[in-house]
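Please look over the sequence and the model shown here.

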Amino acid sequence: MNSRIENSKTTIVLTSILLAVFVVPTSISGTAIALPFIGANLSANSTSLQWIVNSFNLTFACFTLLWGAFADNFGHKRVFIIGAMVYTIASLLSSISINPLMLDIARGFAGVGGAAIFSCGSAILIKTFSGEKRTKAFAFFGTTAGLGITFGPTISGFLLDIFSWRAIFILHTVVLTIVISMTPAITKDSLNKYKTPFDKIGSIIFTIALFLLMLLISNSTEQGGVNLKTLLLIAMTILLVFTFVIYEKSITNPVLNLNLLKNKKYMGLILVPVVASFSFVTLLTYYPSYLTGVMQFSPTYAGIIMITLTVPVLFCPLLAGKIVSCGISAISIIIVSLALMILGAILLFFGGGVDGLIYLICLALFMIGTGMGLTAGLVDGLALSCVNPDQTGMAAGLLNTFRLGSEAIAVALYGSLLSVKLNDVLPNLLIKYSSSVDEINDWITSVASGNLALPLSNIPTDMQSIMLSDIIGSYHKAFNGTLIILTIISVIISLFCLLLLKIKENLD
C-alpha cells in the first residue's frame, strides 16, 4: 500500500513538472506566430512586437541562475511554486493586455517565472528519482520540452483560428493553475538549508551584468554596427563581470560557487546546449522566414518542412535514455549529437537555396533536430549528477543560464549578421528601383524581417519579378554567410566541449 501511495505521489510530481516545462517552450515558439495578430490588434510597431519575445528571453536568462541559488537556500519546492504563480499571473495579464507596453512587461514577468520552473524542476527530479527511473524522468523532461517547441506554433495557430491571440495566454494560465494544484505532492524542503544567508549583492550584480549583456546584443542587432551606446554597454558589462567575480570570491555564501566552473565534466556538459543554440534554435526561429521568402513556399508548406527539424526532439530524448540503459556511453551519444548538428548545417549550406532539393533540406534539418533531441534531457541529468547534491539548484540554474543565454545571443547574432550583410548588398541593388533613402531603408528592414514581398508594393508590375529575383538572391547569400559563421562557432564550442569531457579517458 505504501509503495502504491509513493508511486502515485511521484507520478503526480513528474506530471506537474512536465506540464510546467511544457508551457515554457510552448510560450517561446508559439508566441512568435501570434505577433502579426497582436500587432494588428494593439497597433504595435515592429520594435514593440520584437520585445514581446525579447523581454521573455531576457528575464529568463537573467533570473535562471538567481532562482537556482535562491532555491538551494530556501527550498526547491517553494521556489518552484513561486515561479509557477508568477508565470500564471503574468500569463493572465498578457491575455488582458490593452497595449504593447503592458504585454511586454507581462511577458518579462513570465520569463521570471519560467526561470524558476526550469531551475527547480530538474533539481526536484534529481531528488525524487534515482537510477533508471531518474534517466527515464529526464528523458520525459527532454521530450516534454521538445513537444512544447514542436507543437507551440501548431497550438497557437489553432487558437488563433478559433479564438484570438489572447486565448494562447489564457491556455497557459489554465495549465499552470493545474500545476499549482498538484504541487502538494512534492516532497517538503529540508529546513537545514535555510541557515546560509542568501547572497543578495552578488545576485543583483549578476542580474544587472546579464541584463546589460542582453541589451548590448539587442542594441547591436538594431543598430547594425558599433556606436557609442554599444561601447558604453561593453565597458559596463565587463566592469560588472569583474566586480561579480571578485565579490563572489570574497564571501562564503556566493550566488554562484565559482568551484562549479572548475568542474570540467560539468562545464563540458553545459556547453552542449550552447551548440544547439547556434544550430537548432536559430533555424527554429528564422528558417520559416527563409522558406516563405526565398523559397516562396506557403506558410503551411513551410510548416510541414519545419516538422523535419522539430519531430526528432520528440522521440530522441527517450531513445537516448534507452541507449544509455543498454550500456552505451552517454558521452558517445553526445559526440554523435554534436557531429549531427554540425554536419546538418553544412548539408543545409550546400543543399539549400532557391534550386535546392527538398529532400536534402529535410535531411539536413532532420540531422540537426536529431542532434538536438539526443542531448535534450540527457545533458541535464548528467550535469546535475556530477555536482554536490547541495548545489543542484545552483548547477541547474547555471546550466539553464548557459542554455537560455546562448539562445538569446545566437538569435540576436543571427539577426545582426543578416542585417549587416543585407545592408552591404541591398542599398546598391535597390537604388535601381527607388532614389528615396528612407524608402530603401524601409525595404531593407522589411527584407531582414523575412518579408520579401513588401518592397514590391509600389513597383510597376513588369519590374516586380526582376526585383524579387534580386532580393531573393541577396537574402540567400546573406543567409548562407550567416549560417557559415554560426556553424564555425558551433565547431569551436564543440571542440572545447569535447576537450573538457576528456573524450579519450571516457571512451577507455
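Predicted model: local features only at pLDDT ≥ 70, side-chain atom pairs only at ≥ 80, totals over all residues.

Residues are numbered from 1 along each chain as its sequence is written, and side-chain values use heavy atoms, with hydrogens and water left out.

The protein chain has 19 helices and 0 strands. Helices (H or I, at least four residues) and strands (E, at least two) are DSSP runs, numbered from the N terminus. Of its 508 residues, 55% count as buried, where buried means under 20% relative accessible area, exposed over 50% and partly exposed in between, with a 1.4 Å probe and protein chains only. A contact means heavy atoms within 4.5 Å. Among contacts between residues at least 6 apart in sequence, 82% join residues at least 24 apart.

Next come the empty spaces. Rolling a probe the size of a water molecule over the atoms shows where empty space is left. On a 1 Å grid over the protein atoms alone, a cavity is a set of points where a 1.4 Å probe fits but cannot get out, and a pocket is an open set with protein on both sides within 12 Å along at least five of seven lines; lining residues have an atom within 4 Å of a point. Grid points are joined across faces, edges and corners, and a volume is the space filled by probe spheres set on the points.

By this rule there are 2 cavities of 30 Å³ or more. The largest cavity has a volume of about 50 Å³, and its lining includes F278, S279, M341, I342, A345, L483 and S490. Two or more lining residues come from each of α10 (272-293), α13 (330-351) and α18 (461-501). Ala, Val, Leu, Ile, Met, Phe, Trp, Tyr, Cys and Pro count as nonpolar, Asp, Glu, Lys and Arg as charged, and the others, Gly among them, as polar. On that scheme the lining of the largest cavity has 7 nonpolar, 4 polar and no charged residues.

The second largest cavity, with a volume of about 40 Å³, is lined by S27, I28, T31, I52, V53, F56, N57 and R107. Here the elements giving two or more residues are α1 (2-42) and α2 (46-74), and α2 supplies the largest share, 4 residues. This lining divides into 4 nonpolar, 3 polar and 1 charged.

The second largest pocket holds about 550 Å³ of space. Of its 20 lining residues, F206, L210, L213, T401 and F402 lie nearest its centre. At least two lining residues come from each of α7 (200-223), α8 (228-250) and α16 (392-430), with the largest share, 6 residues, from α16. By class, this lining has 16 nonpolar, 4 polar and no charged residues.

Helix α13 can be followed from end to end. Just after α13, G353 takes a positive phi of about 105 degrees.

L365 lies in helix α14 (residues 358-375). At 0% relative accessibility, L365 counts as buried. Leaving out residues up to four places away in sequence, L365 touches L283, Y287, I305, T308, L309 and L348. Its C-alpha is 8.8 Å from that of M341, 24 residues apart along the chain.

Two loop residues remain. S97 is found in the loop between α3 (76-95) and α4 (100-128). Is S97 buried or exposed? S97 is buried, with a relative accessible area of 0%. A polar contact is a pair of N or O atoms within 3.5 Å; within protein, one must be able to donate a hydrogen and the other to accept it, and residues adjacent in sequence count only if both atoms are side-chain atoms. A polar atom of the S97 side chain lies 2.9 Å from the backbone oxygen of L93, and one lies 3.3 Å from the backbone oxygen of S94. Not counting residues up to four places away in sequence, S97 touches L42, M102, L103, W165 and R166.

D199 is in the loop between α6 (166-182) and α7, and counts as buried at 3% relative accessibility. The C-alpha atoms of D199 and N73 are separated by 9.8 Å, with the two residues 126 apart along the chain.
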